[in-house]
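The following exercises concern a single protein model. Each task is followed by a worked solution.

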Amino acid sequence: MTPDETAPEPLTAAQRLAAALGQPLPLPLSADEFAELEAAQDRADADAELIWGVRGQAAA
């Protein structure tokens, strides 16, 4: 067995943030919650396009 096979999986950004804040890791979103989040992001992107003339990540 090589050292790579025994190494733990790297932490995700959410895991690192939860550990840094001393908080439990949040539960994953359900399919309905994820769809709601995507719809809210689409609305925010449309608003940004109307206000600033940019869409999505182009504003960054």
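**Exercise 1.** State which element of the protein has the lowest mean pLDDT and which has the highest.

*Solution.* pLDDT is the predictor's confidence in each residue, from 0 to 100. Helices here are DSSP runs (H or I, at least four residues), numbered from the N terminus. Where pLDDT is low, the predicted coordinates should not be read in detail.

The model is predicted: local features need pLDDT of at least 70, side-chain atom pairs count only at pLDDT 80 or more, and totals for chains, interfaces and linings use all residues. Residues are numbered from 1 along each chain as its sequence is written, and side-chain values use heavy atoms, with hydrogens and water left out.

**Exercise 2.** Compare the span of H3 with the expected value.

*Solution.* H3 contains 22 residues. After H3 comes Gly53, with a positive phi near 75°.

**Exercise 3.** Determine whether Phe34 is buried, partly exposed or exposed.

*Solution.* Phe34 lies in helix H3 (residues 31–52). Buried means under 20% relative accessible area, exposed over 50%, and partly exposed in between (1.4 Å probe, protein chains only). Phe34 counts as partly exposed because its relative accessibility is 43%. Of the 60 residues of the protein, 5% count as buried.

Key
Helix = DSSP H or I, 4+ residues; strand = E, 2+ residues; numbered from the N terminus. Expected span 1.5 Å × (residues − 1).
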